[in-house]
Amino acid sequence: MKRKKFILPEEQMPTAWYNLLADMPNHPRPYLNPKTRQPITEADLQVILADELARQELTTECYVEIPEEVQEIYRIWRPAPLVRAVGLEKALDTPAKIFFKNEGVSPVGSHKPNSAVPQAYYNHKQGVRRLTTETGAGQWGSALSFAGHHFGLDVEVFMVRVSYDQKPYRRLMMNTWGAACHPSPTNLTPSGRAARMADPHTPGSLGLAISEAVERALEDPEGTRYCLGSVMNHVLLHQTITGEEAILQMQMADAEPDVVIGCIGGGSNFGGIAFPFLRQNFCEGKKMRIVAVEPESCPKLTRGVFQYDIGDFSGYTPLIPMYTLGHEFQPSAIHAGGLRYHGAGAIISQLLQDGAIEAQAVPQTETMRAGVLFAQTEGIIPAPESTHAIAVAIREALRAKIEGREKTILFNLSGHGTIDLYAYEQYLGGHLQDFVPTDEEIARTVQMLDKII
Ligand SMILES: *Cc1c(COP(=O)(O)O)cnc(C)c1O
């Protein structure tokens, strides 16, 4: 009998996050202050982020201890199971072993609270009383609402209006955890008021929602801070709990991955699973392949440029050296809302530049086909984002079959899709189409970028 689940006992949950900056051969170039164009300082970051998060953003220490209070909340769902996808292996008739880390078991349904919890904790410890953030599809907003409530913080989420109208369930999750969720643009901020004046029926945009959340935080420097759900180093740092657990669980399974796979929006779930395995590549001479998977419709890693761009859209965050399509890039209709982001975090971008990781782009019909097969063989309906990782795991397993050799595949199941069934409705109804932006479209938004180096 093949063992299905590898459950790490609570006492063995890792107690530190891992910082790849300590071991990667080439560091990314520094973030720049968008106004002065000088390398960013901790003090610059403290204007919008909690002090400890600003410190973590720039630190190069190898491990950061996970505070006891954060571990306690992690234990609501962590350690997350490592699962052998026996049913999927059988359906593919592959000699490959396929494992996945199930981050969908969190209360929010995804990996996002791995960072939301420490972010809320450090803000609370500093005496901050209110957190603001933006959310597109609603996953990050619900994670911060869940986390903020544990520390008695008020959470205010600016949710892009179209999503607010189309996705009432995420909003209701936020409300259940006691957070306020506003359809953005609102009348609460200068950016919001200006946008509503210009077009009273505007559907909103992520850029606008970020501006609103930041402006709201800046209004109250004593009591309010802004939080980000991806891209930044400190967010990826917190997510490494996933990979640290997975290393221990792969040992329980007496297996070692040949390839580690994650989908990529800003890079937090991918970095979370990949960085601890990259440490083994860099420090122990292992040769695991590490693959980031993006939608063909938002191909920053496979077709973007490597240069400085702003992290947010509105210029409040630092200039980040990244693979980017330009922050004005608007991916067309794409079901995986969490993968619409225009760029990838600095560490991940540098790793790709140095050939330490690979990137693949997949069409969305292939991802949904993979998602449905996974649901039918493993039971779990995956988040539309996570189906990208599954699609490439399937590609790898089928290649192993053709080549007739054993292979061990590990992917991060970043979340379940039970409240994102709209994508399945589209796919099952035959309405989903593939979309590939033209070179001209990409060049247009790339040319709008300032040429810094
Ligand atoms: C937000 C999200 C993503 C994409 O964000 P990353 O920061 O790149 O991980 C992927 N999967 C799920 C389930 C998400 O909620």
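Predicted model: local features only at pLDDT ≥ 70, side-chain atom pairs only at ≥ 80, totals over all residues.
On the side of domain 1 that touches domain 2, the elements giving two or more residues are strand S2 (16-18), H5, helix H6 (139-150), helix H8 (168-176) and helix H10 (206-218). H10 gives the most to that side, with 7 residues. As for charge pairing, the count between the two domains is 1 salt bridge. Arg170 and Asp420 also deserve a mention: their side chains meet in a salt bridge at 3.7 Å, N to O.

The domain assignment puts 16-38 + 47-66 + 112-233 in domain 1 and 80-109 + 239-451 in domain 2. The contact draws 47 residues from domain 1 and 43 residues from domain 2. Taken over C-alpha atoms, the domain centres sit 22 Å apart. Interface size is often quoted as the accessible area lost when the parts come together. Here domain 1 and domain 2 bury about 3,900 Å² between them, with 66% of it on carbon and sulfur atoms. Within domain 1, Tyr18, Arg29 and Val231 lose the most area to domain 2, and together they make up 16% of what that side buries.

## The seven-stranded sheet

Now for the sheet. It's an open one of 7 strands, ordered S1-S4-S5-S15-S10-S11-S14, and the pairing is mixed. Strand S1 (5-6) and strand S14 (358-362) are the edge strands, each pairing on one side only.

Ile261 stands opposite Phe411 in S15.

## A closer look at Ser106

Ser106 sits in the loop between strand S5 (97-102) and helix H5 (113-125). Is Ser106 buried or exposed? With a relative accessibility of 5%, Ser106 is below the 20% cut-off, so Ser106 counts as buried.

Leaving aside residues up to four places away in sequence, Ser106 touches Trp77 and Pro113. A polar atom of the Ser106 side chain also lies 2.7 Å from the backbone oxygen of Ser110. Val70 is another matter: Ser106 and Val70 are 36 residues apart in sequence and 14 Å apart in space, C-alpha to C-alpha.

## Salt bridges, one by one

The structure holds 22 salt bridges. One of them pairs Glu244 with Arg279, the closest N and O atoms being 2.7 Å apart. Glu244 lies in helix H12 (residues 241-252) and Arg279 in helix H13 (residues 268-284), so this pair ties together parts that are 35 residues apart in sequence. Glu244 is buried at a relative accessible area of 10%, and Arg279 is buried too, at 12%.

Arg395 and Glu366 form another salt bridge, with 2.8 Å between the closest N and O atoms. Arg395 belongs to helix H17 (residues 386-403) and Glu366 to helix H16 (residues 364-378), so the pair links parts that are 29 residues apart in sequence. Arg395 is partly exposed, with a relative accessible area of 28%, whereas Glu366 counts as buried at 17%. The side chains of Glu403 and Arg405 also meet in a salt bridge, at 2.8 Å, N to O. Glu403 is partly exposed at 42%, and Arg405 is partly exposed at 43%. Finally, a network of salt bridges links Arg289, Glu358, Glu396, Arg399 and Lys407.

Methods. Residues numbered from 1 in each chain as written. Heavy atoms only, no water. Pairing = 2+ DSSP bridges. Helix = DSSP H or I, 4+ residues; strand = E, 2+ residues; numbered from the N terminus. Buried < 20%, exposed > 50% of the residue type's maximum accessible area, 1.4 Å probe, protein only. Contact = heavy atoms within 4.5 Å. Polar contact = N/O pair within 3.5 Å; in protein donor to acceptor, adjacent residues only side chain to side chain. Domains from an automatic or database assignment. Buried area = accessible area lost by both parts, 1.4 Å probe. Salt bridge = Lys/Arg side-chain N within 4 Å of Asp/Glu carboxyl O.
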